[in-house]
Amino acid sequence: MGEGFLRRSLTYNARLHSETRMLDHAQRILKDVFGYDAFRGHQAAIIDRVAKGGDVLVLMPTGGGKSLCFQVPALMRDGLAVVVSPLIALMEDQVATLDELGVAAVALNSTLSNDEQRDIADRIRRGEIKMLYLAPERLVQPRMLGFLQNLDIALFAIDEAHCVSQWGHDFRPEYLQLGQLAELFPEVPRIALTATADMRTREEIVQRLHLQNAERFLSSFDRPNIFYRIVAKDSPRKQLLSFLTERRGDAGIVYCLSRKKVDEVAAFLSEQGYPALPYHAGLPSDLRAYHQKRFLNEEGLIMVATIAFGMGIDKPNVRFVAHLDLPKSLEAYYQETGRAGRDGLPADAWMAYGLQDVLLLKQMLNNSEGDERHKRIEQHKLDAMLALCEEIRCRRQALLAYFDEELPQPCGHCDICVDGVQTWDATEPARQALSAIYRSGQRYGVGHLVDLLLGRDNEKVRAAGHQHLSVFGMGKALSEGEWRTLFRQLVARGLADVDLDGFGGLRLTDACRPLLRGEVSLQLRRDLSTKAPKPAASAASQLVRGEEREQWEALRALRRKLAEEHSVPPYVIFPDATLLEMLRSKPGTLAEMARVSGVGARKLERYGEAFLDVLNGGADAAPAPRAVADLRHELVSLARAGMTPAQIARQLDCTEKNVYSLLAEAISEQQLSLEQALDLPEEMLGAVQDAFLDGEGELPSVAEVAEMLGGKVPEGVLHCVRAALQAEFES
């Protein structure tokens, strides 16, 4: 063996040995308590840092497993773990989940009586409670801080840490006082967590919470399981119904901008046979709470809501988020669509948008409080949102680029990647449209401008004398729909703007001058026909195949019954991902059930037999396997989208061993690079490559290298590295 390999291998093994006990402890808790076999992404490194007493800042997308990052080290360390959370609903949800797992957790909030609060305090003093959830305003009260200073504290977890940012729409002034924890509890590790924080917000979190020495873990913003689709508005309610056709029985959220529209759409959906509830700040607080509880506890409900609904909704099996109005920023769009598919299973983000949305948002921005600088920032954010809607490249690439993240290849999992996008040379029609705006006095809306271009001799045109303008009737080559699309895109591109002082008429901007002077051409996207829309295929509806449906519904019925008995939401018993794995792996014994991801010791004891009864009473015939070629095609797309082998195995309903085998084949045929297939630590990759390259002549076999490395590296990883090296030699 070469010296390079020996040196690398010894360093790697020494590091592994030094961390083995800590990792073993964490791994045991992960499996025994939470029922999962492996950590995801940065989870293991974050847990290790906090367990050893270090501070951490975690930026992880919704559904990425943030809670485990503080719950596991809380169980590894002595003392009480204190979790700061901004919403009672979120606290109660996590406490219920932990209680089902056998972890002693409580929430101290305003819904409790004085006697109940005293009882909790006594239990904490006796060491009977492991995790305490508090609102920030309660934690920073001198009496509460004094109480905690007399206890052994394991850690402080500050959830939704972006609430500390005065720039954000979730700002909570009480969060500003949490910086004092650094001085009052200097030896206690603190972990701050958020799903949405740009660079400015991250720096604000660090400064205000005194986390200068915290290690930062920034995960990808990508949510590869979400399919993004944005359509032009044309009878939006019909379009929404078309979208929902294949999603009957799925839980989802429909966002609207106004309270009035929320009420109307909820009533409309109910009339059409969809169980829908309204949610907005104008409803009585007890009715809002009731609707939220129903949404969490019942299967297949649709919540029609304003942005008042969202933060703290921890329901993992929301299968779609639909927008009937344009969000005001990409941050808001990302946060709202991120409430779908938190369980990692397929989900849909659908939006219909039109020029009227732009007009409404610009009016709201114009009438909002704040200085000109703030309004300029908000205008910039709205422009970025419009750009995503009119995008002609991969939606996911554009969305991630806004968050300073590069996706090298188109995702293959958005409307543009799947359907393609048609563009056309709109240079001349755009000049005609801009000319119509200018010659009519820059004070008319799209309806009047379209009438002008189509030469409609109506009362409004005659009253203004516009039948005599040179642009009158100039645009008969395009239809009304095509002209409306063109005007919408001119506004989105910044070539025309809405004159808010002039009752919403369009006016020219300086940016249109080069086009009018003939110095540049203009390519615009062509809207797909919206006549007789074909329902968009639902990623979520493909979760369960036809022959599995009966047993799937039986599992869900049992889960619902147990949830009612235990007064918790169904997903607290088992999330959909766990039920799906049960359905596919068909465990026949408790030992086999224990191997299902999400089945920990406590839940196995409580519910294992009941779910085995349902599974053993179902159909024996296993579903026919998909063709290898189809699997390979799907696997390459999912790997390129950033899914791990474990996620791909769940998604494609096959074993991890099969996934690694197909990955190695795809790498050897150069359909995938090693980096796309696996995210390996540099040290591990170096040691493995050295092991394969240590001799002369042909590459050694996987079995030989596995033996050299003492079985420290999974064989699937070795197959992929060998395939990459082989492909490199042959190219």
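The structure is a predicted model, in which local features need pLDDT of at least 70 and side-chain atom pairs count only at pLDDT 80 or more, whereas totals for chains, interfaces and linings use all residues. Residues are numbered from 1 along each chain as its sequence is written, and side-chain values use heavy atoms, with hydrogens and water left out.

The protein contains 34 helices and 17 strands, where helices (H or I, at least four residues) and strands (E, at least two) are DSSP runs numbered from the N terminus. Of its 731 residues, 53% are buried; buried denotes under 20% relative accessible area, exposed over 50%, and partly exposed the range in between, with a 1.4 Å probe and protein chains only. Among contacts (heavy atoms within 4.5 Å) between residues at least 6 apart in sequence, 73% join residues at least 24 apart.

Seven strands form an open sheet in the order 3-4-2-5-6-1-7, with parallel pairing, two strands being counted as paired if DSSP finds at least two bridges between them. Strand 3 and strand 7 each have a single partner strand and stand at the edges, so one side of each lacks a neighbour in the sheet. Direction ignored, neighbouring strands of this sheet are turned by 20 degrees against each other on average; axes are lines fitted to C-alpha atoms, for helices over the stretch in contact, and angles run from 0 to 180 degrees between N-to-C directions.

Within this sheet, strand 4 (residues 131-134) is joined in parallel to strand 2 (residues 80-84) by four bridges, and it pairs in the parallel sense with strand 3 (residues 105-108), also over four bridges. Met-131 of strand 4 is the bridge partner of Ala-81, while Leu-134 of strand 4 is that of Leu-108. In a regular strand the side chains alternate between the two faces of the sheet. Both faces of strand 4 are covered, with Met-131 and Tyr-133 buried on one side and Leu-132 and Leu-134 buried on the other. Strand 2 also pairs in the parallel sense with strand 5 (residues 153-158), over five bridges, and Val-83 stands opposite Ala-157 in strand 5. Helix 9 (residues 199-208) lies across strand 1 (56-59), strand 6 (190-194) and strand 7, running at about 155 degrees to strand 1.

Two loop residues were also examined. Ser-219, in the loop between strand 7 (215-218) and strand 8 (226-232), is buried with a relative accessible area of 17%, and, residues up to four places away in sequence not being counted, Ser-219 touches His-42, Leu-59, Met-60 and Pro-61. Glu-174, in the loop between strand 5 and helix 8 (181-184), is partly exposed with a relative accessible area of 22%. Leaving aside neighbours within four places in sequence, Glu-174 is in contact with Pro-136 and Glu-137; the C-alpha atoms of Glu-174 and Pro-136, 38 residues apart along the chain, are separated by 5.8 Å.

Helix 23 (residues 549-566) and helix 27 (residues 601-616) pack at an angle of about 150 degrees, their axes being 10 Å apart. The two helices, helix 23 and helix 27, are therefore roughly antiparallel to each other, a description applied to angles over 145 degrees. Residues of helix 23 including Leu-555, Leu-558 and Leu-562 meet residues of helix 27, among them Tyr-607, Phe-611 and Val-614.

Definitions and conventions
Parallel < 35°, antiparallel > 145°, perpendicular 65-115°, else oblique.
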